[in-house]
Amino acid sequence: MGCRKDRPGNRIGLTVLTAGLAALIWCAGASAADDGKADPWAEFKDSGIKFSIDFGALMKNKELLTKELQDKVWILKPSSGKQLLQLPIILIPGKKPYAVDGGFIKIVGARFLCYRLDDYEARDEKNELWEQNKRDWAQVNAGTKVEYKEEDELFATPRLAKSFELTANGKIKWTMDRLPPNNAEIQESTKNLYTFRLDAQKLQKSRPEPPKQPANRGDRDAMTQFQTEMMEYRHLNSQWLETSKTVRELSANFEDAVPTRVWAVYEFPLFKDSVEITEGPPPLPWSISTEMLDFLRETVEQQVKAEKSLTGQVMLPPADQLRVTRLGELAQNPHVLNRRLAATYIADTDMVQYAEMGGPLFFVLQGLLDGDDDMSRNLITMQLTRTMPTRATAELLKRVALRAGSNAAQAAKAINTIFEIDLSGDPAQVQDRIATVNQLLGDEHGAPPEQILTPLMKSAAQQPQMQMMLVKSVQLQSLPGSRLTAVLVYTVENAGVEPLASAWLDQQFLGSGNRDLVRQTLDVISNASTGAQDLGPAFDWAVGHLFGPPPKGADNAARHARLRGLIPIDSTQHSMFRALQHGDAALNRLAWRALSRFTLPQMDPASAATGTQKDRYQLILDAALDQIPTPGEVVPFLKAQPDAMRAAQTLTQIVLRGSRGASSAAMRSLVGSGMPLDQVLNQLSPSERQAMAMLAYQIAGRMDPPPLVANTLRRREDDNPVAAWFGKQLASGILPNPAAWAAQFRNEDELLDLLVSSDPGLSSGAAGALVCSLGGSDWLAMQFLKEVQLLPDQTKATIKKAWESQQKSISALQLQTLQGAYRLTLRVAEAQEGADAAKVLATGANELPLGIVQMTVDPKARTVSLGSQAIKTSLASKPQSIQIDQPADLKSFPNEEVGKMPLEQVTEPIVLQRDVSDGIWRGRFKLPTGALAELVMNPIAHGGS
C-alpha cells in the first residue's frame, strides 16, 4: 500500500512537532492542490494522525547509515554497493485507523525494504517542546516514551514489517511478513519460534533423528544402549511435535503500543551526494546534501565553547564560527525543514547563550524567529527562555513577544526572561522593554495580561530602583475595554502582596482622572473576596476566555476578584483618601464600601508622619467625620488595623464626634477589644473622658441616663488612675458596676473632698461613687449632695458626719426590704488553737435557741428594731448590717444557759452582717471565758421555721 489516494487505507493528517532538543517536525496536512486535483492527503487529514521526522535522531543516531540491522527474527543487509538508511519518523494515532505501507515516503535512488517497529534508540531526555505542543493539540499520550517489556526470547515477535496499521486507540498492528530474500535472512542461531514459522526447513532440520538398531541384537550391552537412546529420542520427538504444534498455532498478527518512533528502512547507494525525498506528507518533498548532513552529524554533539578576547568580549573559536556560517546557509534555505533542522542543531549544541548583538549567530537566530515556521521559532524561543539572559537574547525574546500570533505562554515567558536582566543602569533599555510590554498589553489577541504583568512585579521586587519607572511608564489606563478590566482585576488581586501592583492601583487606577475608571476600580475592590486561597486570577482569566466576555450591557467589572492580601495605604498621599472625600456621592459611598479591603501597615519612624503633619489615621478620621452621617464602614476598618494605639485613638474620636450609628458601633468595637484604652483615656481631656464613660454606659450598658460615677473622670489629673482602670475594664469586655468606682480612689476622704468641688459635675460624680458603693442609687446620691451643699459649715469633719448619717439612711432603706420574722440562735464553741473559727462554729458549736424576733426598720428615723424594747439595736456603718448595742440584752431571752453567760462583760456591740448568698445574718464575738460565740438570725421565710 502507498500514500496515494488510489491506494487503500487511511492517510495521515500531517503536522510536524519539534521535539525538545530533538526538534520533531509537525507537518500540517496540506489542503487540496491549487491545480484543482484531488488532495492526495485528504484521507490523512480525516484520520487525524500526526506525522513527524525526528531530526534529533536523524543527526544523532550512530547507525542512521549502516551495513546491517536485525531483530529477534530477521537479519537485514543491503545489496552490493549499497547501505541501509534508517529514517526516523514519529506517528501519533488519530481518531481513525490508518495503514502505512512502503509508499508512504519515497527517496530518490533508494529502495524501501521495511519498517523497524522496536523503538530503536528511543531518547530519554524530557521533550519540553513536545509537551507544549501536546497541550496545543490536546493529545493525551503524545510525546512520551513508551516503556516496553522485554519479550520472551522464544516468542519474541518479528519487528521488521513491510507495512503496519495505526489504530484509533493508540496501538500499532502489523503482520508477519517475508522480507526481500536478497536482503533478508532468518536468524539461524536463535531459538525464536517465529524463525521456524517462516522457515519450515529449519523446523524440519531441528527434528531429532531416531537411533539405529544394533546389527547384533544379541549384544546385550548394545541393546541396552539402543533402548536408552530410543527413550531419549521419544522424549525429544515428543517435544519437537509439541513445538511444531505451537509453531503452527502462532499468530501472524501482532499488536503493541505505538513506539516513540518508527524507522523506515531503505537500501541506499553508498556514494550518493544527497538524500532526496520526492514523495511524502507535507512539507515533503525535501532534500539535503549528504555533505551537509555529515557535517551536522559529526558536530552536533560538540558543545560550543566561547572564548574571551583581550578586551573581554566573548568570541567563538574559528571552528564554531564555521558552524554558525553553515547554519546560516541552512537557515536561509527557503524550505521549512531546513530551518527546523538548523533550529534543532542550535538547540542540541547549546550555542544560543553565545549570541552577541549584531553577530552572525544573532542574525541566524533572528532569521529563524522572523520566519513563518512556528516549530523552528518555538524551539529557538524555548532555548532563549532557558538560557541565562543577556542583552542579545533579551533583544531576540522581545521579537518573540511582539510577533503577531505568537504562542501566548511563550510571549509571557519571553517577557519574564528579558526582565531578569539588571537594566537599572540603562534607563533607555528599561524604556525599550516597557514599550514592548505596552504593545503586548494592548494586543487583544495576545498573552493574558497577568502573564505579562507578573514578570514586571517579580523584577520590581528584585530591583526596587526600577519600580518608579514601571509605575509611570507601563500604560494601563489606555488599554482596550476587555484588557483593561482583566488588568484592573489582576492588579487589585495582587496589590496586597506586590508593591508594584499596589502602586499601579494607587496611581493609575484610583488616581485616574477618569471618574468612570475610578468607580470601576472601587467596584472591583468592594466586591472582591479577601484571602485568595481559592483558585486565583489565572482561573478567572481562563473562565473568561472559555465562556467569552459578558454580554453588552453587563457590568464591565463583573469578574470577581480574589485578594491575595489586604491592600496597603502606605502614604498620606494615597489616592484612596481622595476617593473617601470625593464630591460624587455614589463614588464616595463606593469608596467607603471598599475601605475594608485596605489596611494601614506599620511604617518605620522615618516614613511616618511627624509634627503637625497629619498621619493616615487622622486623614481617615477627617474623611469619616466630614460625611453626614458618619460612614459605619470606618469602624470595622479601624478595628482591624495593626497599630492598636492609633486605631483605639481614632475609634475613640469616632465615639465622641461621630454620628449616632457610627458612634455606637465604634463603642461596641472597643468593648472587649484588648486595645490600650487605659492610655487612650488618659490622653483625652477631662470632659472627653467623662463623655467616653457616659457613652459606654449608654451604648454598651444601655443605661440611660448613665450613672453619675462617670463624672468622676472630669478630675484633672495627668495620669488619672481611675481613667486607666476604666479603660482596662472596657478593653477586657467589662462595664464596671457603679458600686465598684469608689474602690478605685485612694480612700473615702478623697471622694468626700470632691463633694465640694467647684465643678458641679465632679461633685455629683463623687456623690454617686460614695452612695453607689453602699448599693444606693443616683437619686439618693443627688439628695445627699443637696444636703452637703446646704450645710452651713462645709468643713471636712462636718461633711464626714453628714456622710455617716447618709450611710445609715441608705442602710435603712436597704434593710426596709428585709423586714420580717427571724429565728435567733446563739452558737457557742470552745476555741481551738490554730483552727479556723468559722469552721469550729459551723461543726462543733453548741446551739442555744433564743426565740423569734420581728425586724422592723424606720428609714426616716434611721432606726431598726427586733420587736423587743429589751434588746437595743441600731444601724451599723456597713451596708446590710445591724448591731446589738448591749450583748447583755440577750439574757432577756428565756434560755437558762444564756442567762448564766457573762455577757455583761462583753463591751463591744455584736454586729450582724447579712450574707447575700443565703440571707442569714451572722455576728461573731468572743466570751470573757475565751469561748467562741456567734449570733445567727435566720429568716423564717427561707426555711428558718
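**Buried residues, salt bridges and strands**

Biologist: Where is Arg597 placed?

Modeller: Arg597 is in the loop between α22 (585-594) and β20 (598-599). Helices (H or I, at least four residues) and strands (E, at least two) are DSSP runs, numbered from the N terminus. This is a predicted model, in which local features need pLDDT of at least 70, side-chain atom pairs count only at pLDDT 80 or more, and totals for chains, interfaces and linings use all residues. Residues are numbered from 1 along each chain as its sequence is written, and side-chain values use heavy atoms, with hydrogens and water left out.

Biologist: How do you know that Arg597 has no salt bridge?

Modeller: A salt bridge is a side-chain nitrogen of Lys or Arg within 4 Å of a carboxyl oxygen of Asp or Glu. For Arg597, the nearest side chain of opposite charge is Glu633, 10 Å away. That is not within 4 Å, so Arg597 has no salt bridge.

Biologist: What does the side chain of Arg597 reach at 3.4 Å?

Modeller: The side chain of Arg597 reaches the backbone oxygen of Ser526 at 3.4 Å.

Biologist: Why is Arg116 called buried?

Modeller: Buried means under 20% relative accessible area, exposed over 50%, and partly exposed in between (1.4 Å probe, protein chains only). Arg116 has 8%, so Arg116 is buried. Asp118, at 27%, falls in between and counts as partly exposed.

Biologist: What makes Asp118 and Arg116 a salt bridge?

Modeller: Their closest N and O atoms are 2.8 Å apart. This is within the limit, so the pair counts as a salt bridge. A search of the whole structure finds 34 salt bridges.

Biologist: How do you know that Asp584 and Arg515 meet in a salt bridge?

Modeller: The N to O distance between the side chains of Asp584 and Arg515 is 3.6 Å. Asp584 has 16% relative accessibility and so counts as buried, while Arg515 has 45% and so is partly exposed. Together with Asp516 and Arg519, Arg515 and Asp584 are linked in a network of salt bridges.

Biologist: Why are Arg922 and Asp918 called partly exposed?

Modeller: Arg922 has a relative accessible area of 29%, so Arg922 is partly exposed. Asp918 has 30% and therefore gets that label too. Their side chains meet in a salt bridge (3.2 Å, N to O).

Biologist: What makes β21 and β22 a pair of strands?

Modeller: Two strands pair if DSSP finds at least two bridges between them. Nine bridges join β21 (residues 820-829) to β22 (residues 846-858), so the two strands pair, and they run antiparallel. Val828 stands opposite Asn846 in β22.

Biologist: What makes β6 and β13 edge strands?

Modeller: The open sheet has four strands in the order β6-β10-β11-β13, with antiparallel pairing. β6 (98-100) and β13 (253-257) each pair on one side only. Inside the sheet, two bridges join β10 (residues 164-166) to β11 (residues 171-175), and Leu166 has Ile172 as its bridge partner in β11.

Methods:
Lys and Arg count as positive and Asp and Glu as negative; His and the chain ends are not counted. A polar contact is a pair of N or O atoms within 3.5 Å; within protein, one must be able to donate a hydrogen and the other to accept it, and residues adjacent in sequence count only if both atoms are side-chain atoms.
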